[in-house]
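Please look over the fold below. The report that follows covers surface, helix packing, backbone and aromatic rings.

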Amino acid sequence: MESLSAARAELAHLERRELQLLQELMDVRKALAAQKVVLDELVKASAVPYIDRLPNELLAEIFLLLKDDVDERTILASVSRRWRAVLISIPHMWSVIDLDADYDCPAKLLGLYLERSCQAPLTIIIGPVISGLDVFLPHANRWHTLRVLGSTRQTLETISHITFPSLQRLSLYGGGLALDGVLTMRSWIPALKHLELDAWEPPLHRPLCEIIPAESLEELSITSGGYDWKFKQDSMHFPLLRRLALNTKDPIPLLEAIVAPKLTSFCFTPGHYIDPISKTFTGTKTKFDNVSHFALFSRHVVNQDTVVLVQLLCRIFRGIRHADIGVGYVPALVTYYGPRPIEYWTCIESLDIQGLALGSSEPFRRLVVWLEKRKRFGQRKLHLKLSCKPVGDELECCASVVLDGIPVSPQMYLPTSAGSPLSAARGAYIERFVLFPVTSSQIPPGIVLQVLSGVVAKQ
């Protein structure tokens, strides 16, 4: 009996011990959960923001994207001590000196900018008020870019007797001044590669090539400001010129005068003037055969004179492979009847149409007819890029298509069936479709682009 009682007592003791251990386990689990909560809160409180986890080198590369904006530079420096320290340590962040925006900046502060820029090439911007320029003149060997937006006569009188051996980019606003009064540039900027002349009266008593360093120029941009730029045929030689941009009422006289065997890019923005423009070109047909890129934009309504001029330019530049065209010029390039001016570009590979107007499909009806013809003759498909606003819900062409910066609706369908507003011939198809929305919020989650049997749909 005693052994039975002892066994029962031991069992009762073990049961009580089990209950105690279970209670202790529950208490430990509660304490463990509470401790995890505390730990998570501590981790969150001490977590480093993602932007602060970036190494200084990567942060500096991001800052450099804003180096041309003086206001952004000031804002970045006020975010944190680390950002300020990184910003100060980047010489190129301080190498853009905007004397137009900082016209009342103390000379001592300008000197600080110069010190922080170390030996980085300088970009100097001068506005209507000249102030602080004398701080940077002793460092003429570091000047890389100069933009003169005002006080041009006074600025040139100040700097044209100093040699700038590293200056490669120059932009001058003339405001009606005559180029005859400008000192020969090659004497003080011998390494100039990029030149912009805005609103200058063309020289009357000196050849242009005696004023600008034609031998070293790779890019030339001229905005006529209403003046007639006319020179003798083949009188201006630019052996290294690769890009020419003209914003004039009539580019033909300049094109007839220029000899540029390495020219590959031509950009033209027609001016809005009432005087008649050229309708013929007296240069040789092969003069600009090396030009492969053509850009054509307009700030004004396209009139009939401009249309005739554009058609003439198509005949002058026959070797175009890539073209950027304002939508207003599409009817002039792709006519319904007669020879189409765009067909002079027998090597065309890509076409970028910009400035689309909402709901206007007429330019694309013309394009589709032309693209159909290309397909029937076995020509290569084009890379067609449409920029700005959409023309509607439907688009079709015998090309690869890029919609860049175009807002889209939740459902968009691009059929190839006959009868659609932009329908092509039976069997036409879109080879590639690329969509670049303006903002990600304009496309609902789960949108997928599909290419099935020539039908492109967004589902």
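Which residues form a nonpolar patch on the surface? Ile51, Leu58, Ile62, Leu65 and Leu66 do, with about 440 Å² of accessible area together. Patch members have over 30% relative accessible area and no salt bridge; like charges are joined within 9 Å, nonpolar side chains (Val, Leu, Ile, Met, Phe, Trp, Tyr) within 5 Å. A salt bridge is a side-chain nitrogen of Lys or Arg within 4 Å of a carboxyl oxygen of Asp or Glu. Areas are computed by the Shrake-Rupley method with a 1.4 Å probe, and for residues only the protein chains shown count as cover. Ile62 sits in helix H3 (residues 56-64).

This is a predicted model, in which local features need pLDDT of at least 70 and side-chain atom pairs count only at pLDDT 80 or more, while totals for chains, interfaces and linings use all residues. Residues are numbered from 1 along each chain as its sequence is written, and side-chain values use heavy atoms, leaving out hydrogens and water.

**Overall**

The protein has 12 helices and 19 strands. Both are DSSP runs numbered from the N terminus: helices are H or I with at least four residues, strands are E with at least two. Of the 459 residues, 42% count as buried. Buried means under 20% relative accessible area, exposed over 50%, and partly exposed in between (1.4 Å probe, protein chains only). The accessible surface comes to about 24500 Å², and 56% of that belongs to carbon and sulfur atoms. Among contacts between residues at least 6 apart in sequence, 65% join residues at least 24 apart. A contact means heavy atoms within 4.5 Å.

**Helix H7**

Helix H7 spans residues 152-159, and its buried residues are Thr152, Thr155, Leu156 and Ile159. Why do they line one face of the helix? Seen down the axis of H7, the buried residues fall within an arc of 95°, so they share that face. The arc is taken from the directions between the helix axis and the C-beta atoms. An α-helix has 3.6 residues a turn, so residues three or four places apart point the same way. Arg153 and Glu157 are exposed on the other side of H7. The cover over the buried residues includes strand E2 (122-126), strand E3 (143-148) and strand E4 (169-173).

**Loops**

Ser151 lies in the loop between E3 and H7. Its phi is near 55°, a positive value in a residue other than glycine. Asp234 also has a positive phi, about 55°, and is not a glycine. Asp234 is placed in the loop between strand E6 (219-223) and strand E7 (236-237). Asp69 lies in the loop between H3 and helix H4 (70-77). Asp69 and Met93 are 24 residues apart in sequence and 9.3 Å apart in space, C-alpha to C-alpha.

Relative accessible areas of some partly exposed residues:

| Residue | Relative accessible area |
|---|---|
| Ile62 | 37% |
| Ser151 | 21% |
| Asp234 | 37% |
| Asp69 | 34% |

**Aromatic rings**

A search of the whole structure finds 11 aromatic pairs. Rings of Phe, Tyr and Trp (its six-membered ring) pair if their centres lie within 6.5 Å; planes under 30 degrees apart count as stacked, over 60 as edge-to-face and the rest as tilted. Phe63 and Trp83 have ring centres 5.2 Å apart and planes at 65°, so this pair is edge-to-face. Phe63 lies in helix H3 and Trp83 in helix H5 (residues 81-88), so the pair ties together parts 20 residues apart in sequence. Phe63 is buried at 3% relative accessibility, and Trp83 is buried at 13%.
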